[in-house]
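Please start from the display.

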Amino acid sequence: MTLLASLHAALVQPFVEFGFMRRALVACLALGLSCGPVGTLLVLRRMSLAGDAMAHALLPGAAVAFLLVGLSLPAMSLGAFIAALAVAALAGGVARFTAQREDASLAGFYLIALAGGVMLISLRGNSVDLMRVLFGSILAVDDAALLLVAGVASASLLLLALVWRPLLVECFDPGFLRAVGGRGALHHQLFLVLLVANLVAGFQALGTLMAVGLLMLPAIAARCWAHSVAQLSVIACAIAAACGYGGLLLSYHAGLPSGPSIVLLAGAVYLVSLVVGTRDSLRARFFTAHRHRVA
Amino acid sequence: MITLDNVTLCHRDRPAVHHLSGQFAPGSLTAIVGPNGAGKSTLLGGLMGRIAPSTGQISLPPRLAGHIAYLPQQADIDRSFPVSVLDVVMLGHWTGPGRLGAWRAAGAVQRAQAQQALAAVGLAGLERRAIGELSAGQFQRVLFARLLLQDAPVILLDEPFNAIDERTTADLLALLHRWHGEGRTVVAVLHDLAQVRAHFPRTLLLAREPIAWGPTAEVLQPGHLQRASLQATHWEAQAPWCEVPAPAVPRVAA
Amino acid sequence: MTRRPNRRQALAAAWALPTWAAAQTPTARLQVVASFSLLADMVAVVGGDAVQVHALVGPDADAHAFTPAPADAQRLAQAGLIVVNGLGFEGWIDRLVRASGSKAPVLVASQGIAVRALGQQVDPHAWQSLVAAQRYVENIRAALVAARPAQAAAINTRAAAYTRELAALDASVRSRLAAIPADQRKLVTSHDAFGYLADAWGLDMRAAQGWTTAGEASAADVARLIRQLKAQRVRALFVENISDPRLVQRIAREAGATLGGTLYSDALSPPGSQADTYLKLMAHNANTLLAALQPGR
């Protein structure tokens, strides 16, 4: 077989032949597109762990919805969304009106939410329900999940384009935003809504534990290659999309579970970026050429 | 005309500004001086509407709402954030002549205006530099360029020349004078009394209580300065609750 | 290593002993703890009012992902007989029995059946074959008679009647299956739990995953299965009550097969529903399979 034909067979054929591969790829690409900018903002706002905390806060909402309605995607997504928003709102409120800082209040509320979710499930359901709630499968993306993911991605990108400027300014110069009447608190809440929406969409596709991986790892890896916010977002999108594609192919050719393949591939990209990236990397630190310009 | 009427601004139950009354006349150039902890930055916050007065009232003419330009202390800005000098200056268009607000995209005209502002502060050519790579003096010039672009009728500056080299200070003081000449109301919190004497026609000497407010030469007399430094700069743990509506302020003739 | 009983253990023993002793008297009902709902049902049918049965893994629950609660250890400690499936089905039972300190005999219900292998390991789902089930009943009967010799006659009668019912069902299914040609008996489920059933009734059943529900499928497995389904023109796909149905639906959609209904593999359905006893479960499974395989569907 010629090189081109064998490349085609390896890289393109699986998606041509199987509908589930195409759907998985579309879901990954859509998620990657919106996770890029959202993850970048999370990293820049030093909220990298807040993504994981919010992912755990989804659980009681999904649990309640599952126990009330059954395995219904819209119900579980709605429940998860509401629960996470509630945790974010409560944490923000406590941080604003008491002396507690936001990371402490977020930790407090997400732990309550997580334990509450586990308690609910073990009282009324049993262990297998917990697993099913936690791990979606990207290979089983049905029409409803695909619509959800694509819808959330489109809405996120649109909303981000609208509020990009105040969101950025709120990150590094909130005083200026206040001075021009820019309503920083509103944009902060809007950002949290976007974050929760992307997490809920991701958890349907990859499961709560891995949704955060696709959100954070590409954005963190991008820091080793670019500096401006726009570049960071684009590179994060590209890494997320590439890892989705590559992870699916790994799962197809090597028989590995699909979700972990994608996230571990993103992890590998991160490690490689740490070592050989063009900035903020080990290479930049230890192996730059020692030349300087004239003063 | 910005009028303060018996204004008290508090942090919890401790006053940072205690029963202040007075006016900032339109087109005036005023320095606010006083010991550390005297409430000067807090007063600027009150003028901006960020802190609500516990007593009294701050009156601004309606046309000024949202058109007050504010220079924060540099420490309030996160310089590790990956934005360029031009991005920061372009923010001036939010309320400036471009009136871009939060959403509208900037065009070539706005970009050219931003570059002119950068040139006016002596930073032409540094548009693409990340703000984290600038020195303190350079970054201060960037913030001044943003103020230039905002084209606001009232400009508040919080310690604008802290840790800035002489050359930059001189250049920026020239800008302040230019604004004063254009009829804008400028209020600056400062520490260097020599600077104040040389460049600012009016001064408010504040040590939580207002000590004196008026022409600089009369305000910065030794008697007033001594009173200001005597005013305790520490918080007294069990100070009695305040019952006095408004103490007498030695209002020096304008 | 010898254990010195400390005060707390002595207190616990002192409290448990009268209860346990009372339960062991020849006339009291025998406390039986079965590992999961199917076994509990069998024991209840054979034991009748001579026993009181409790299942550790209840209806509609997944035995592979079971986490014991303190109440379970307590029940084991007070039991007169413990019935497990064996063949590696309950990975957690040995430790639980040891931790509970129970003195009760443990019956491995699958003793003596012809085991089949799946990959490297033994397939534990032996109850899916009605032939093997008759062996289960025999083992249970022997253990119950040993524990309650006074009621041996009643126990033996019930066991014989039950065995007849199982055999009758088996025969009925085989005769109905005989009408379907061998090459049209191709089925796929989402769980590899029906190996014994397939062998016993001559069906060709394949699965999308391994037989534990803890594993996650890879794209390669799914692709392979879809290829097979398409190539062999498999008509029906089945979803069982405790694993992810979405994956099976996706495979069915893509392979052009239809979903044939729910098959019950590892657990009874809740009381009052269609598969709440072992007999009803096997009958339901058989009817569902036969309905899907009818020619012309």
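Two residues are in contact if their C-beta atoms, placed from the backbone, lie within 7 Å. This is a predicted model: local features need pLDDT of at least 70, side-chain atom pairs count only at pLDDT 80 or more, and totals for chains, interfaces and linings use all residues. Residues are numbered from 1 along each chain as its sequence is written, and chains are lettered from A in the order in which they are written.

**Chain C, between domains.** The domain assignment, automatic or from a database, gives domain 1 (7-171) and domain 2 (180-293) of chain C. Here 25 residues of domain 1 touch 27 residues of domain 2. On the domain 1 side, H2(C) gives the most, with 4 residues. Helices are DSSP runs (H or I, at least four residues), numbered from the N terminus.

**Chain A with chain B.** Each chain puts 19 residues into this contact. H9(A) (143-172), H10(A) (174-179) and H13(A) (229-254) each supply at least two residues of the chain A side. H9(A) gives the most, with 6 residues.

The two sides compare by class as follows.

**Chain B, helix pair.** H3(B) (residues 108-120) and H4(B) (residues 136-150) pack at about 130 degrees, with axes 9 Å apart. Axes are lines fitted to C-alpha atoms over the stretch in contact, and angles run from 0 to 180 degrees between N-to-C directions. H3(B) is therefore oblique to H4(B). Angles under 35 degrees count as roughly parallel, over 145 as roughly antiparallel, 65 to 115 as roughly perpendicular and the rest as oblique.
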